[in-house]
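Here's a quick briefing to read with the model open beside you.

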Amino acid sequence: NKGVALDKIEKPEGAIKAYKQAIKINPDNVYAYSDLGGIFFRLGNLEDASINVKCALEKDKNLVSALSLQGRIKIEKKQYNEASKCFERAISLDIGNPILLIWNSYARFLNIEFSKDTKDKKYQEELISILRNLEKVDTLSKKLGKEIRAHILYFIGSFYLKGKDTIAAKEKLEECIRLKSRTPIEASARELLGNIWNYQIRPHWLRWW
């Protein structure tokens, strides 16, 4: 708990010491491994993050926080398909968690973005599937606050723009801005919305999925 508290007040060095002490006292404390891995991940130390998440999952293969962290580590390592598998496993254990659904959508998008031609039919089909899932996530997130929903709407708008549906993209980005979440994603939405005016706004077949 000391590690958690120190992490919250942005004192990672103290949190790392506390987590290591907790593990020394109880080597089976899976949460200490997972949270320690999370700090190393945020500090950019993927090697130690991977070591600790591996220890956590060896002791509890169903630990959702560790599975989520493992997925984010794999994204950083550009192992997008493997990352998606981690998030899907976590989602099966924590059904309806919008954060996990967002991360999985992001991993799936990166996978198709770097493995398929954007003009390929499979690319378009996967993009539609991702958008459908994000629309469902948006419904789930309405009770979780403006910040999470703003991120979801921004991603939906971005993916619509990727699919050349500028009208739907514009609508979602405007909705994101109207939330007034006062987060960095709001500024990103404004910037992307401004760029849309450089496109010819017209209905696209993705709108009728």
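Below are some ground rules, then the points by topic.

This is a predicted model, where local features need pLDDT of at least 70 and side-chain atom pairs count only at pLDDT 80 or more, while totals for chains, interfaces and linings use all residues. Residues are numbered from 1 along each chain as its sequence is written, and side-chain values use heavy atoms, with hydrogens and water left out.

**Cysteines**

- You'll find zero disulfides here (a disulfide being a pair of cysteine sulfur atoms within 2.5 Å).
- C55 is in no disulfide, and its nearest cysteine sulfur, on C86, sits 16 Å away.
- C55 is partly exposed at 22% relative accessible area, while C176 is buried at 0%. The cut-offs are under 20% relative accessible area for buried, over 50% for exposed, and in between for partly exposed, using a 1.4 Å probe and protein chains only.

**Aromatic rings**

- Searching the whole structure turns up seven aromatic pairs. Rings of Phe, Tyr and Trp (its six-membered ring) pair if their centres lie within 6.5 Å; planes under 30 degrees apart are stacked, over 60 edge-to-face, and the rest tilted.
- One of them is Y80 with F114, a stacked pair at 5.7 Å centre to centre and 25° between the planes.
- That pair ties together distant parts of the chain, 34 residues apart: Y80 belongs to helix α6 (residues 80–93), and F114 to the loop between α7 (98–113) and α8 (121–141). Helices here are DSSP runs (H or I, at least four residues), numbered from the N terminus.
- Y80 is buried at 12% relative accessible area, whereas F114 is exposed at 60%.
- F155 and F159 are stacked too, with ring centres 6.2 Å apart and planes at 25°. They sit four residues apart in helix α9 (residues 146–162), so about one helical turn separates them.
- F155 is partly exposed at 21%, and F159 is buried at 4%.
- Both also belong to one aromatic cluster, together with F87, W103, Y106, F109 and Y154.

**Helix α5**

- Helix α5 (residues 64–76) has 13 residues and spans 19 Å from first C-alpha to last, close to the expected 18 Å (1.5 Å times one less than the number of residues).
- Its buried residues are A66, L67, S68, L69, G71, I73, K74 and I75.
- Covering those buried residues are, among others, α3 (30–42), α4 (46–59), α6 and α7.
- Just after α5, K78 takes a positive phi of about 65°.

Methods
Helix = DSSP H or I, 4+ residues; strand = E, 2+ residues; numbered from the N terminus. Contact = heavy atoms within 4.5 Å.
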